Amino acid sequence: MNRAGVDGVVTEWDDARGWGTVRTVDGHEVALQCTNLTDGSRTTETGRRLRVTVGPGHHGQWQVTRAEPLSP
């Protein structure tokens, strides 16, 4: 599933913990950490559209390795 430039939507976000999940256009749910947001904000919101790169993460789980916010 190693993929770059996939569009997705933030489906869950916990600002206090700095993580959430993204559902990609092909239906995969992947973890998102605040440090992977390219705009430097370290925060996002549910429903926000992102262009993400997905790669292997901790414990063999797929996760977002880069997330670029898209215009609304």
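## A threonine in a loop

Let's start with Thr 44, which is in contact with Val 10, Trp 13, Leu 32 and Leu 37 once its neighbours within four places in sequence are left aside. This is a predicted model, and in it Thr 44 sits in the loop between β3 (29-33) and β4.

Is Thr 44 buried or exposed? Its relative accessibility is 13%, so Thr 44 counts as buried, the cut-off for that class being under 20%.

## Strand β4 and its two partners

Strand β4 covers residues 49-56 and pairs with strand β1 (residues 3-14) in the antiparallel sense, over five bridges.

β4 and β5 form a hairpin, with five residues between them. In that turn, His 59 has a positive phi of about 60 degrees.

## A glycine in β1

Back in strand β1 we find Gly 5. Which residues does Gly 5 touch, not counting those up to four places away in sequence? They are Arg 51, Val 52 and Thr 53.

Gly 5 has a relative accessibility of 45%, so it counts as partly exposed. For a distance to check in your viewer, the C-alpha atoms of Gly 5 and Gly 57 are separated by 17 Å, with the two glycines 52 residues apart along the chain.

Conventions: Residues are numbered from 1 along each chain as its sequence is written. This is a predicted model: local features need pLDDT of at least 70, side-chain atom pairs count only at pLDDT 80 or more; totals for chains, interfaces and linings use all residues. Side-chain values use heavy atoms; hydrogens and water are left out. Two strands pair if DSSP finds at least two bridges between them. Helices (H or I, at least four residues) and strands (E, at least two) are DSSP runs, numbered from the N terminus. Buried means under 20% relative accessible area, exposed over 50%, partly exposed in between (1.4 Å probe, protein chains only). Contact means heavy atoms within 4.5 Å.
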